[in-house]
Each structure stands twice: as C-alpha cells, then as structure tokens.
Amino acid sequence: MNKGMLVVLSAPSGCGKDTVYTELCKIRNDIVKSVSATTRTKRDGEVEGVNYYYLSKDEFEYLIKNNGLIEYTSYNNCYYGTPISNVTNAVNEGKICFLIIEVEGAQNIMKLFPDDCVSIFLLPPSFEVLEKRLRGRDSDNEDVIQGRLKIAKDELTYKDKYDYNVINDKLDACVDEINQIISAELSKRNA
C-alpha cells in the first residue's frame with residue numbers, strides 16, 4: 001500500500017480554501033479532510049464525526065494532557081483542536097489528509113510532521129482582488145471586512161514558510177496546479 005501524506009492548506013479569508021478543497025475532491029478519491037474536535041454544543045444539522053467530534057471539556061483536556069492533539073485553541077470559551085489519531089490513521093491508510101488551517105497552527109503542524117507534510121499557501125491574484133472578493137460576499141459589515149483585511153496582511157507574511165505558493169486567480173487552473181503538486185509529492189514519497 002502506498003503511503004499517504006498530510007497537506008496543510010492555508011490562506012487569508014476570501015482566497016477560496018474551501019472551494020479549492022471541494023473541487024479537488026471531485027477529481028481525486030484519495031483525499032480526506034481532517035475532522036476537528038470541539039467542546040462547543042452541536043448545532044442543528046451538524047453530524048458527529050463529519051462536522052466535528054463533540055467532546056466534553058474533561059475529554060478535551062484529557063487529549064491536551066496526553067498529547068492527543070496536533071494543535072488546539074480556545075475561542076469563545078470553547079476548545080477546538082485537531083486529533084492526532086485522525087491524521088496519522090489517514091496517512092497510514094494511504095490517504096491525503098487535508099488540514100485547512102490558519103497560519104500559526106500550520107507552522108506547528110509542519111514542525112510535528114516534517115516528513116509527511118506538504119504545505120500550500122493559497123494566494124489571491126492581488127490584495128485588491130482579495131478586498132473585492134470579501135466585499136462581494138455581502139455578508140460582513142465594514143468593521144468585519146477591515147478586520148479580515150488586516151489579518152490577511154499579516155497572514156500573507158507567512159507565505160514563504162510554505163512549500164508551495166499557489167495563486168487562486170482562475171479556479172480550474174489553481175485546482176489543477178494543486179493536484180499536480182499532490183501527485184508529484186506522492187510519487188516522491190512512494191518511489
């Protein structure tokens with residue numbers, strides 16, 4: 001059996017991370033997305049093991065104490081984190097395990113899995129296009145948009161810490177480039 005790998009995908013808000021992932025899943029059958037754990041309450045329509053693993057605070061803190069998480073954070077009095085077992089099981093089964101994650105968590109994961117991790121930073125064609133995309137959503141007020149743009153400027157400073165930078169200008173071309181990266185990296189690992 002071929003060995004899988006971990007793919008870390010990061011990008012500022014509005015660069016199309018989830019869209020790119022969805023399109024990759026349409027052309028590859030060896031991709032899985034890492035499911036995070038949380039202590040927040042399950043929302044209507046969410047499914048255990050699909051959206052999140054819903055844990056009690058004690059269960060989550062047990063994972064923290066026993067190094068059962070790759071990374072975790074606390075947000076709005078709830079824990080969120082990535083269980084190590086999900087990632088290692090997927091990689092050992094020959095799957096490509098995607099972690100769509102922010103830049104700081106990504107740096108930790110790259111250090112923990114230096115041999116099994118491929119890191120990709122998705123870039124907008126320009127900062128002006130990114131701003132246009134964020135405004136085009138019509139879902140955020142001006143303060144939120146300005147906050148996202150400020151965070152994006154900071155996140156863009158991390159791009160050189162990733163193995164690959166891919167510009168998401170035309171979706172098909174972006175997905176094709178990432179698919180080629182995955183195929184090349186798998187070939188190297190399974191040569």
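R28 counts as buried because its relative accessibility is 14%, where buried means under 20% relative accessible area, exposed over 50%, and partly exposed in between (1.4 Å probe, protein chains only). The model is predicted, so local features need pLDDT of at least 70 and side-chain atom pairs count only at pLDDT 80 or more, while totals for chains, interfaces and linings use all residues. Residues are numbered from 1 along each chain as its sequence is written, and side-chain values use heavy atoms, with hydrogens and water left out.

R28 lies in the loop between α1 (17–27) and β2 (31–33); helices (H or I, at least four residues) and strands (E, at least two) are DSSP runs, numbered from the N terminus. The side chain of R28 makes polar contacts with the side chain of D30 at 2.9 Å and with the side chain of N179 at 2.7 Å. A polar contact is a pair of N or O atoms within 3.5 Å; within protein, one must be able to donate a hydrogen and the other to accept it, and residues adjacent in sequence count only if both atoms are side-chain atoms. Leaving aside residues up to four places away in sequence, R28 touches I96, N179, I182, S183 and L186, contact being defined as heavy atoms within 4.5 Å.

Strands of a sheet pair through backbone hydrogen bonds, either parallel or antiparallel. Here 5 strands form an open sheet with parallel pairing, in the order β2-β7-β1-β8-β9; two strands pair if DSSP finds at least two bridges between them. Its edge strands, β2 and β9 (164–167), each pair on one side only. From one strand to the next, the twist averages 30°. Within the sheet, β1 (residues 5–10) and β7 (residues 96–100) run parallel and are joined by 5 bridges, with V8 opposite L99 in β7. Helix α4 (residues 103–112) packs on the sheet, where it touches β1, β7 and β8 (117–123), and its direction makes about 160° with that of β1. Axes are lines fitted to C-alpha atoms, for helices over the stretch in contact, and angles run from 0 to 180 degrees between N-to-C directions.

Strand β3 (residues 37–38) pairs with β6 in the antiparallel sense over 2 bridges, and Y80 in β6 is the bridge partner of T38. Strand β5 (residues 69–75) also runs antiparallel to β6, joined to it by 6 bridges; Y72 has G81 in β6 as its bridge partner. Together β5 and β6 form a hairpin with 2 residues between them, and N76 in the turn has a positive phi of about 55°.

The cysteines complete the account. The whole structure contains 0 disulfides, a disulfide being a pair of cysteine sulfur atoms within 2.5 Å. For C15, the nearest cysteine sulfur is that of C174, 9.5 Å away; C15 counts as buried because its relative accessibility is 0%. For C97, the nearest cysteine sulfur is that of C117, 10 Å away, and C97 is buried with a relative accessible area of 1%.
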